[in-house]
Amino acid sequence: MICRLRNHVLSACFAWITFCLIVWQLNCFQIGTFHLPAPKPFSRKNYSSPVSVFDMGISDEEWERLQKALNWPGPDQLITQLNLTTSPVHSTFSVVEPKNSYKVGENISVIITARDHNKNPKTYGGDFFKAKLFNSELKASVYGEVVDHRNGTYSVVLLLPWEGQAQVFVRLEHSSEVVQILKKYRESSFPRSHYNGHFEGLGPDKKIIREVVQCNIKWGAEGNWRRGNCCCEYKDIKTGTLWQCERPKKLPCNKLVHHSKGSLENPLNPFEKGLFAKALTNVPITGDKQVINILPNTAGIGKTEKCRSGLTTPVPAGFYFKDVWTSFVCNTQQFNSSKMWNCLQNKIVYMMGDSTTRQWFEFFENKVPGIKRMDLHTPRLAGPLMAVELKNNIIIHWRPHGVPLRFTIMPMTDLHYIANDIDKIAGGPHVVVVFTLFAHLVFHPITFYVHKVAKIRQSVVALLSRAPETTVIIKSGNTAGLKDIFQSDWYAVQENIVMKEMFRDIDGVIYFDVWQMTSCHYLTENVHPGPVVIANEINMFLSYVCPA
């Protein structure tokens, strides 16, 4: 405990020294030219866009509901000085009316007070805090949802789910001023992520010509990406998604063969970059350090109900104890290799999305007895991938979603939109469909994300209509290691809100919240969660596939 406190003190000192250096550096810039827009009362104009609800594929009423769910407070004044932004060094938390001991199943309340670098309390909300309760020795932790009171104070209710000791941990991931910057660039036409289109064909002399040009989505009436020699356009008939590439100098538009990730472009000015400095980002804040003593309770904790669709996800959704996740949604089972083998018997599993669902594929590949990856002559990481086990008739597919996608070079023909792939699945009691959509969409407007989710929802509804016994699972976005203008967790939070809201009334769909599982675990956050987290995700996934 003494070592841990000493480390916290050293970290705080280092953060303060680094902050002083940042302030000194920023004084070299004319920070008065930086202006964040003053927040306005919630209205439709807050999310003004040239994109219509028709373009997104939803109703006016649903868009109003989504805007309310996505609404995030911000500064109530123009912020032109770093000293007026939220300080992780001076912001604090405290446990409300602490007691000498508690019982398992009780709650504690925590108050967070945000202060600026002048030690003055903030008077508006919008800071992005994360909170959890933990015990490192027990490898135990539980997520706490931070409630913004929009006046510079925040509250967290933390469940005490295990016997023993615990401590509260709170960190400031982004100040409210940084969140406004994230929001501004997410909805702007600035292309933070670029992509490459690889064209290939024969020239007049029958020699192969290869050209690489920039590509991106076209979204909105005027598009949000332009180049001088524009453009080859590729419209997907079903989803309406429009992809465009610079016109090659020598080859026609129909010679687009491969896709790959391009460069990232940082839109931040010097002052904005200072607000994203490491000393100010994802930093623990100081607070009550007393150890919380938790006594046993004869009443049980956890859920015994079978996992199925239609169950609500509470906060917390579960907790870790000795690195094992216990769910508060439904009965969590523990699957060893043999039990996995039996559960997946006569099942076809379709996994779609990004590299986080590929992690699931790789887990099964390593754990299910007798399963073998088929050689589809595709890139090992980019896929598509397929594994089979003949004795028990197990087939597992994984495929990345369509563009935009930041993957290594791969054929355009292997990039399918999730909605289109779901349309091609017959379904049935032997079929499991699981998809995720988050990490590669954070570079683009939230309206585009709504459009993608709306098309997937149409396909899921049709699938469950023709085959209602199909198991359909949505894996939420998880926390990521990067906390910058490109891949902030705040983007993923907003995408999770959209996905959950748009599927909340669809019968037969399971929304699996892995956000809480990654947010409270002791492993360093990474867009690719560590093996112990993946193993617990798989246990929850299979608890839905084979409930007990």
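**Exercise 1. Decide whether Q359 is buried or exposed, and find what Q359 touches.**

Step 1. Q359 has a relative accessible area of 14%. Buried means under 20% relative accessible area, exposed over 50%, and partly exposed in between, with a 1.4 Å probe and protein chains only. Q359 is therefore buried.

Step 2. Q359 sits in helix α7. Helices (H or I, at least four residues) and strands (E, at least two) are DSSP runs, numbered from the N terminus.

Step 3. Leaving out residues up to four places away in sequence, Q359 touches V527, H528, P529 and I534. A contact means heavy atoms within 4.5 Å.

The model is a predicted one, in which local features need pLDDT of at least 70 and side-chain atom pairs count only at pLDDT 80 or more, while totals for chains, interfaces and linings use all residues. Residues are numbered from 1 along each chain as its sequence is written, and side-chain values use heavy atoms, with hydrogens and water left out.

**Exercise 2. Describe how α7 packs against α12.**

Step 1. Helix α7 covers residues 355–367 and helix α12 residues 531–545; their axes are 10 Å apart, at an angle of about 85 degrees. Axes are lines fitted to C-alpha atoms, for helices over the stretch in contact, and angles run from 0 to 180 degrees between N-to-C directions.

Step 2. That angle makes α7 roughly perpendicular to α12. The classes are roughly parallel under 35 degrees, roughly antiparallel over 145, roughly perpendicular from 65 to 115, and oblique for the rest.

Step 3. On the α7 side the contact uses Q359, W360, F363 and F364, and on the α12 side I534, A535, E537, I538, F541 and L542. By class this gives 8 nonpolar, 1 polar and 1 charged residues. Ala, Val, Leu, Ile, Met, Phe, Trp, Tyr, Cys and Pro count as nonpolar, Asp, Glu, Lys and Arg as charged, and the others, Gly among them, as polar.

**Exercise 3. State how covered helix α4 is, and by what.**

Step 1. In α4 (residues 176–186), 10 of the 11 residues are buried. Among them are V178, V179, I181 and L182.

Step 2. The cover includes strands β4 (128–135) and β8 (164–174), and helices α5 (270–275), α9 (446–466) and α10 (489–503).

**Exercise 4. Summarise the chain and its confidence.**

Step 1. The chain has 12 helices and 26 strands, and 55% of its 548 residues count as buried.

Step 2. The average pLDDT is 89, and 89% of the residues score at least 70. pLDDT is the predictor's confidence in each residue, from 0 to 100.

Step 3. Residues 12–48 stay under 50. Where pLDDT is low, the predicted coordinates should not be read in detail.
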